[in-house]
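Here is a short briefing to read alongside the structure.

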Amino acid sequence: MTRRQALACMTGMLARAAVRLPKNQNVKWALGSNLWNFFPRVPFSDILDVMKDTGFVGIRLTQFPQILKTYDITAAQMLKEASKRGCQIITISFNGPTYDPARRSEVVAAAKTAMNFLKEFEANHLVVFPPNRVNLTGEAAFKAMCLGFNEIGAAAREMGFYAGLHNHMGEMVQNPDEIDRCMALTDPKLFYFSPDTAHLYLAGCDVAATLEKHKHRLMMADYKDAKRLQTAKPDSFDRNSIFDLGDGEIDFPGCHRVLKSIAFKGWLVVDLDIARQGPRASYERCGKYVVDKLERVYV
């Protein structure tokens, strides 16, 4: 390495050291592993390095249990590498055919398997996605799904976990009325709310108002920015509608005021579906928005 290269490297290191990272006090910041599926495969440790360097120190795993094979890593190795960097595995994206009563025991067993895995990381939250919207065939299917959510929630509480709804475009709980119905048809002592701000917004919700309405069941949330695209198809999701925090149209300071009102202490997941300049650049931008715009509201 030449003297000029060494000076450039040192300058870069000092510049990165001067960047203020999210404080991770009451609000703890996480990211989602799914983003890396849109990029050439890297070792899982590379994802953890991005987390450590940008202050998004938790991760929600997707495609469990296949993700272990994808990254050729064991749970023990994952724990070791995460702990080495001060990072945590905080939850799993879980889904199953909850609309089908005949498969309910199968779904609950799968949820227990996911939670037993998470126990190894001292995590205690399970994010539950609804089934695909093609299964929304009427009120009976919707009620059956909610009963399935209650059973997952009951199993979670028995295991010391919290399970909660993650709304999503193209799935059975998408629109404002469906979110309200799902909350009404599930037991607040068993099943909680883990909303995705982008999917709330794309479905026509007032995001901050929705968080306010269901704030006493809030267990964690996805903070994900979005714009409503004119080319968007009804009941479908286009990842091009997703943007780094602050680059979209969502009122995150308003959402943060809701969190402050309940003295929220927990995880917010910036689960990006697209990173136009790469994961590290996007999470650096998101972290800057957190520090500059949100921590003045609630830390």
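Setting aside neighbours within four places in sequence, His 168 is in contact with Phe 129, Val 173, Gln 174, His 199 and Phe 237. This histidine, His 168, sits in the loop that links strand S5 (162-165) to helix H7 (176-185). His 168 counts as buried because its relative accessibility is 16%, and the cut-off for buried is under 20%. Please keep in mind that this is a predicted model.

- Ala 30 belongs to strand S1 (residues 27-32), and with a relative accessible area of 0% Ala 30 is buried.
- Not counting residues up to four places away in sequence, Ala 30 touches Phe 56, Gly 58, Ile 59, Ile 90, Trp 267, Leu 268, Val 269 and Val 270.
- Ala 30 and Cys 87 are separated by 57 residues in sequence, while their C-alpha atoms are 9.2 Å apart in space.
- Gly 248 is in the loop between strand S9 (242-243) and helix H10 (252-261), and at 24% relative accessibility Gly 248 counts as partly exposed.
- The residues that Gly 248 touches, not counting those up to four places away in sequence, are Asp 225, Ala 226, Lys 227 and Phe 243.

- How far apart are the end C-alpha atoms of helix H5 (residues 104-119)? They are 22 Å apart, which agrees with the 22 Å that 16 residues should span at 1.5 Å a residue.
- The buried residues in H5 are Arg 104, Val 107, Val 108, Ala 111, Ala 114, Met 115, Phe 117 and Leu 118.
- As helical background, an α-helix has 3.6 residues a turn, so residues three or four places apart point the same way.
- Those buried residues of H5 pack against several elements, including strand S2 (58-61), strand S3 (88-94) and strand S4 (125-128).
- Helices are also among their partners, including H3 (66-70), H4 (75-84) and H6 (139-158).

**Backbone points worth checking**

- Most residues other than glycine have a negative phi, and most peptide bonds are trans.
- The peptide bond from Phe 64 to Pro 65 is cis, with omega near 5 degrees, and Pro 65 lies in the loop between S2 and H3.
- Asp 72 is not a glycine, yet has a positive phi of about 50 degrees.
- The loop between H3 and H4 holds Asp 72, which counts as exposed at 69% relative accessibility.
- Glu 122, also a residue other than glycine, has a positive phi near 60 degrees.
- Glu 122 is in the loop between H5 and S4, and at 77% relative accessibility Glu 122 counts as exposed.

**The chain as a whole**

- The secondary structure consists of 11 helices and 10 strands.
- The radius of gyration is 19 Å, in agreement with the value near 19 Å for a compact globule of 299 residues.
- Along its principal axes, the C-alpha trace spans about 70 × 40 × 40 Å.
- Of the 299 residues, 54% count as buried.
- Among contacts with a separation of 6 or more, 81% come from residues 24 or more positions apart.

Technical notes:
Residues are numbered from 1 along each chain as its sequence is written. This is a predicted model: local features need pLDDT of at least 70, side-chain atom pairs count only at pLDDT 80 or more; totals for chains, interfaces and linings use all residues. Side-chain values use heavy atoms; hydrogens and water are left out. Helices (H or I, at least four residues) and strands (E, at least two) are DSSP runs, numbered from the N terminus. The radius of gyration is taken over C-alpha atoms; the globule rule is 2.2 Å times the number of residues to the power 0.38. Buried means under 20% relative accessible area, exposed over 50%, partly exposed in between (1.4 Å probe, protein chains only). Contact means heavy atoms within 4.5 Å. The expected span of a helix is 1.5 Å times one less than its number of residues.
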